[in-house]
Amino acid sequence: MTDWKAFTVETADRVAQVTLTGPGKGNAMGPDFWRELPEIFHGLDADPEVRAIVLTGSGQNFSYGLDLPAMSGTFGPLMADRALAAPRTDFLYEIHRLQGSVTAVAECRKPVIAAVSGWCVGGGLDLIAAVDIRYASAEATFSLREAKVAIVADVGSLHRLPAIIGEGHLRELAFTGKDIDAARAEKIGLVNDVFPDQQAALEAAHATAREIAANPPLVVQGVKEVVSRRNAATVAEGLRYVAAWNAAFLPSEDLTEAMQAVFDKRSPEFKGR
């Protein structure tokens, strides 16, 4: 067993449970998360004893999304030398690395079921957009919040969610950065079902995982491959495009203001510069 810093992984009866553990508050996604996520899912993909995966968060929340303080070093050189090619190129490759972490979940041959409770924000939504089935507890709250921190979402939500919730709902969530509750999430198709509490959502995810695990594994993997192929090229092209877009246009006074506001614990004042 590997001692992960941002996850725990447990396997029983051909079902693996991957649990986000932080170390950031609310399972925020810092450097350990982005490094370990693809390692875990590549390992589970190759493990013949695993036929389905349940993905959930520790504590009361699924994830607060990107850990801005922990990841601020990613943006620093880009903001300091905004006109230079070298930091932009480095940032482009960093976006590709982060995208690859979430893509490892989407491309895992074993079906992945998310059990979401509490907050599922920004990068958390990117992550559940990459799974196959999503369950939520009644108190779960979802937000595609990147616009509120002066970032064009670039890790997958803008490309995977249209097939899940449709263009109109995606645009509403992405343009506003608004929060929606579990009932609205179910109504627009973001989650398959809503359960009374966190434990019930997790138990339902495991029940579905066991049903999947009881079926012929190669057939299940074939079904996932065929279904996923429909949008694979569109998603891949979109990820490349948004990475190039953000490497070119992300540096802004608004982004600096958004990050400073996080550290100052205040509302940002955006000026479109």
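**Notebook: hairpin, cores, cysteines, helices**

I began at the hairpin of S1 and S2, where two residues lie between the strands and Asp13 takes a positive phi near 55 degrees. I note here that the model is predicted. Strand S1 covers residues 7-12 and strand S2 covers residues 15-20; the two run antiparallel and are joined by six bridges. I looked up the partner of Thr11 and found Ala16 in S2.

Next I went through the aromatic rings. The count comes to five aromatic pairs. One of them is Phe33 with Trp34, which I read as edge-to-face, with 4.9 Å centre to centre and 85 degrees between the planes. Which residues form a cluster with this pair? I find Phe7, Phe33 and Trp34 in one aromatic cluster. I checked burial for the pair: Phe33 is at 2% relative accessibility and counts as buried, and Trp34 is buried with a relative accessible area of 2%.

Then I turned to the nonpolar cores. The largest has 51 residues, and Phe41, Phe142 and Leu190 have the most contacts inside it. Helix H1 (residues 31-46) gives the most to this core, with six residues. A second, separate core has 17 residues, including Tyr135, Ala204, Ala209 and Ala213.

I listed the contacts of Phe41, leaving out residues up to four places away in sequence: Val18, Ile53, Leu55, Ala104, Val105, Cys108 and Val112. Of these, I followed Cys108, which is buried with a relative accessible area of 2%.

How many disulfides does the count give? It comes to zero. Cys108 is in no disulfide, and the nearest cysteine sulfur, that of Cys120, is 19 Å away. The cut-off I worked with is 2.5 Å between the sulfur atoms. Is Cys120 buried or exposed? At 0% relative accessibility, Cys120 counts as buried.

I took helix H3 (residues 85-106) as a check on helix length. Its 22 residues, at 1.5 Å a residue, should span 32 Å, and the end C-alpha atoms are 31 Å apart, so the two values agree. I also listed the buried residues of H3: Pro87, Phe91, Glu94, Ile95, Leu98, Gln99, Ser101, Val102, Thr103, Ala104, Val105 and Ala106. Two of these, Ala104 and Val105, had already come up as contacts of Phe41.

Last I looked at helix H9. Thr208 is found in this helix, which covers residues 198-213. Thr208 is buried, with a relative accessible area of 14%. Beyond four places in sequence, Thr208 touches Ile113, Ile133 and Tyr135. Tyr135 is one of the residues in the second core.

His206 also has its place in helix H9. Is His206 buried or exposed? His206 is buried, with a relative accessible area of 19%; the cut-off for buried is under 20%, so this value falls within it. With residues up to four places away in sequence left out, His206 touches Val15, Gln17 and Val54.

Key:
Residues are numbered from 1 along each chain as its sequence is written. This is a predicted model: local features need pLDDT of at least 70, side-chain atom pairs count only at pLDDT 80 or more; totals for chains, interfaces and linings use all residues. Side-chain values use heavy atoms; hydrogens and water are left out. Helices (H or I, at least four residues) and strands (E, at least two) are DSSP runs, numbered from the N terminus. Buried means under 20% relative accessible area, exposed over 50%, partly exposed in between (1.4 Å probe, protein chains only). Contact means heavy atoms within 4.5 Å. Two strands pair if DSSP finds at least two bridges between them. Rings of Phe, Tyr and Trp (its six-membered ring) pair if their centres lie within 6.5 Å; planes under 30 degrees apart count as stacked, over 60 as edge-to-face and the rest as tilted. The expected span of a helix is 1.5 Å times one less than its number of residues. A nonpolar core is a set of buried Ala, Val, Leu, Ile, Met, Phe, Trp, Tyr and Cys residues joined through side-chain atoms within 4.5 Å.
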